[in-house]
Amino acid sequence: MRNILHIIRKEFLQLRQDKKMFGISFIAPVLQLIILGYAATFDVSNIPTVVCDFDNSPSSRELLRSFTSTGYFTIVEYFDKTSDIDNQLDDGHASIAIIIPRGFEKKIGAGQSAPLQIIADGTETSTAGIGLSYASIIVSQFSQNILLESLIKRGSVTMPARVSAEFRVWYNPELKSRNFMVPGVLGLLLMVMTMLLTSLAIVKEKELGTLEQLVVTPIKPYQLIIGKLAPFFIIGVIDVILVVFFASLVFSLPVKGGALLLLFLSLIFLMTTLGLGLFISTISRTQQQAMMTAIFFFMLPMMFFGGFVFPIENMPTIIQYVSYVIPLRYYFIIVRGLFLKGVGLDILWPQALALFIFGSVILSMSVLRFQKRLE
Amino acid sequence: MKLWKGHKEQLDGKAPMDNDCAVVAEELTKKFGKFIAVDHVSFKVKRGEIFGFLGPNGAGKSTTIRMLCGLFSPTEGSAHVGGFDVATQPDEIKSRIGYMSQKFSLYEDLTVEQNINFYGGIYGLEGARLEERKHWVIEMAGLAGKESMLAHTLSGGWRQRLALGCSILHEPPILFLDEPTGGVDPVSRRKFWDLIYDLSHRGVTIFVTTHYMDEAEHCHTIGLIYTGKLIALGSPTELKHSLDRYSVFEVQCSNTVDAMELLRGQAWAAETSIFGSAFHISTLNVSDAEKKIQGILTNEKIAVSRIEKIIPSLEDVFIQRIAEEDARKNGARN
């Protein structure tokens with residue numbers, strides 16, 4: 001027990017000595033949370049839009065007004081040549097162009113269908129997609145209004161029957177992607193902090209030769225492993241607390257399902273990341289190798305396939321199966337469930353169980369491998 | 001009943017060995033796959049002596065020292081350190097030995113004092129005893145006033161002495177040093193050997209690997225290992241006398257390379273090697289060797305400025321032994 005404490009104390013002394021590492025462990029999580037919370041957003045608003053209104057009639061102006069009044073589109077410039085529009089899209093000043101041909105109002109008045117053109121810059125797929133779907137809603141709303149007006153004008157006695165759907169969004173009523181991102185950042189941070197730092201700390205001792213020195217001392221391998229993992233376990237716990245605190249302080253995003261439950265389930269998740277960190281240290285000889293292995297073979301795939309950026313349901317079926325072996329997947333479900341839905345262990349137990357099984361298997365296999373390497 | 005008795009004997013008697021020996025290796029062998037790193041090596045190290053383990057790089061020095069420290073278990077044969085079997089009692093051995101490798105395994109981002117505290121703690125020292133040992137190490141290494149310096153800011157000699165200090169904080173009776181003086185300046189090397197002598201006088205057994213010949217002369221006993229085999233074992237004097245049947249000459253002449261080439265062709269010439277600006281030649285079963293050498297070289301218009309019969313150096317012995325071993329191997333192959 002004493003030996004374990006000696007190693008833990010040494011580990012923190014080294015961490016304190018290394019100002020950069022200290023910053024990475026405690027300040028970076030908060031910064032990253034805030035930056036990702038603000039910047040990593042899929043919400044589309046104020047799409048820069050250019051307009052070519054050849055009709056310039058009350059109807060065309062009313063249509064354009066309905067575009068700008070939603071807040072999704074901001075008209076940056078008006079042109080009277082379509083070639084100018086090409087230039088604007090080419091150099092990226094605008095993402096959407098609206099072209100209203102001459103005779104737009106006349107055709108409406110005559111009861112004909114009045115075409116108009118909307119061009120989107122497809123290089124940014126999400127902005128273009130979301131922009132176009134907003135635009136089609138606006139246009140169909142507009143034409144519905146025309147229909148209604150003309151019916152009323154003709155003196156139709158009754159309004160035609162309409163189907164109306166009432167939409168309610170649960171758990172994230174404003175559909176803010178920040179509310180989706182911030183809990184995800186927690187999983188990402190824990191993975192980076194514990195997996196990467198653990199593997200680096202062990203490989204560093206290998207590189208320096210101190211690991212060999214320790215093996216010749218009376219320290220038992222299990223003491224060495226616990227001593228090396230415990231500090232990063234502690235850092236992980238502190239990071240969870242920091243993120244929970246700042247999420248509720250800065251983004252008004254409290255853990256509805258209970259902060260203690262989140263902490264407890266995070267401890268289970270840490271078993272998998274610490275285990276992987278230990279595993280990486282057994283297959284790497286230098287710190288660079290450990291860093292590259294951790295980033296390219298573990299962190300990036302886990303990030304993409306675990307559902308941090310792209311919803312797992314949208315992935316090809318085979319990749320969806322792959323995602324089942326990614327511990328981060330379960331942790332994301334847990335974190336989002338606790339932060340947004342406020343559900344409890346009665347709902348989240350399958351994920352908790354999966355994490356526990358993954359954690360036990362990964363950790364014990366890594367420990368065995370590490371012990372074997374020591375000999 | 002019988003079983004119990006056998007067990008007891010094992011505990012008390014520890015191993016069938018004489019008590020004057022700190023390290024005993026018997027037919028010690030380590031294979032990595034098909035590669036034989038250490039090939040049936042046997043030797044004894046007496047208590048309190050300095051045992052020098054010499055050999056070229058890759059000869060099996062470090063593998064042997066690692067088996068003795070309990071880092072590797074032997075493939076065949078056995079070794080006992082302080083009476084304990086390296087294969088079955090590595091934990092007992094680890095608390096009774098000190099180990100220092102060429103890499104000077106210190107935590108570079110910790111201070112001198114933090115390093116001592118950490119290693120002291122690992123070896124179970126605390127309180128007054130830790131303070132006393134810390135003071136001793138700092139004095140010994142000449143690090144007074146530098147306690148709060150980071151280890152990586154120390155220069156080579158200091159780091160080496162600090163590493164030595166950290167590995168003997170717990171006053172182990174046996175100390176293993178794996179090429180401890182690599183990359184250290186000559187003055188620091190000299191100081192380091194003074195410390196080794198001092199420890200030896202206090203009764204510490206020292207097992208040291210090196211490839212410096214001058215360091216070999218400092219040892220009480222030397223073992224020479226070559227391609228995994230122990231090919232010479234004895235005190236420096238004994239080893240030099242083992243070449244008595246050869247006569248060794250130092251020759252200084254105008255064209256060393258050609259001269260060595262010419263003489264190597266003679267049946268009575270056993271081995272030639274360059275020493276500074278001259279070369280050494282060992283001869284076997286020949287009378288008037290000096291005259292013969294002089295004659296051959298003068299015939300080829302090589303001006304000889306000096307031929308002198310010398311007492312062979314350790315290096316002569318090793319070169320001779322390695323040549324014999326190579327010849328034996330080639331003979332076995334053909």
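**View 1. Ring pairs link B:F43, B:F51, B:F53, B:F176 and B:F207 into a cluster.** The model shown here and in the views below is predicted. Two members of the cluster, B:F43 and B:F176, are also the residues with the most contacts inside the largest nonpolar core. That core has 102 residues.

**View 2. B:F51 and B:F207 form a stacked aromatic pair.** The ring centres lie 5.3 Å apart, with 20 degrees between the planes. The pair links distant parts of the chain. B:F51 sits in strand β3 (residues 50-54) of chain B. B:F207 sits in strand β8 (residues 205-210) of chain B. B:F51 has 0% relative accessibility, so it counts as buried. B:F207 has 1% relative accessibility, so it counts as buried too.

**View 3. B:F43 and its contacts beyond the local sequence.** Neighbours within four places in sequence are left aside. Phenylalanine contacts of B:F43 include B:F51, B:F53 and B:F207. Also in contact are B:V23, B:V24 and B:A25. B:T64 and B:L68 touch B:F43 as well. B:L230 and B:L233 complete the list.

**View 4. A second, separate core has 53 residues.** Among them are A:M181, A:F251, A:V309 and A:L338.

**View 5. A:F245 and A:F246 form an edge-to-face aromatic pair.** The centre-to-centre distance is 5.4 Å, and the planes stand at 90 degrees. A:F245 has 45% relative accessibility and therefore counts as partly exposed. A:F246 has 21% relative accessibility; the cut-off for buried is under 20%, so A:F246 also counts as partly exposed. Over all chains, the count comes to 20 aromatic pairs.

**View 6. The second largest pocket has a volume of about 630 Å³.** It is lined by 25 residues. Closest to its centre are A:I108, A:G109, A:S143, A:I146 and A:L147. Three elements of chain A give two or more residues each to the lining: α3 (58-69), α5 (104-109) and α6 (125-153). The largest share, ten residues, comes from α6(A). By class, the lining of this pocket has twelve nonpolar, eight polar and five charged residues.

How values were computed: Residues are numbered from 1 along each chain as its sequence is written. Chains are lettered from A and ligands numbered from 1 in the order in which they are written. This is a predicted model: local features need pLDDT of at least 70, side-chain atom pairs count only at pLDDT 80 or more; totals for chains, interfaces and linings use all residues. Side-chain values use heavy atoms; hydrogens and water are left out. A nonpolar core is a set of buried Ala, Val, Leu, Ile, Met, Phe, Trp, Tyr and Cys residues joined through side-chain atoms within 4.5 Å. Buried means under 20% relative accessible area, exposed over 50%, partly exposed in between (1.4 Å probe, protein chains only). Contact means heavy atoms within 4.5 Å. On a 1 Å grid over the protein atoms alone, a cavity is a set of points where a 1.4 Å probe fits but cannot get out, and a pocket is an open set with protein on both sides within 12 Å along at least five of seven lines; lining residues have an atom within 4 Å of a point. Grid points are joined across faces, edges and corners, and a volume is the space filled by probe spheres set on the points. Helices (H or I, at least four residues) and strands (E, at least two) are DSSP runs, numbered from the N terminus. Ala, Val, Leu, Ile, Met, Phe, Trp, Tyr, Cys and Pro count as nonpolar, Asp, Glu, Lys and Arg as charged, and the others, Gly among them, as polar. Rings of Phe, Tyr and Trp (its six-membered ring) pair if their centres lie within 6.5 Å; planes under 30 degrees apart count as stacked, over 60 as edge-to-face and the rest as tilted.
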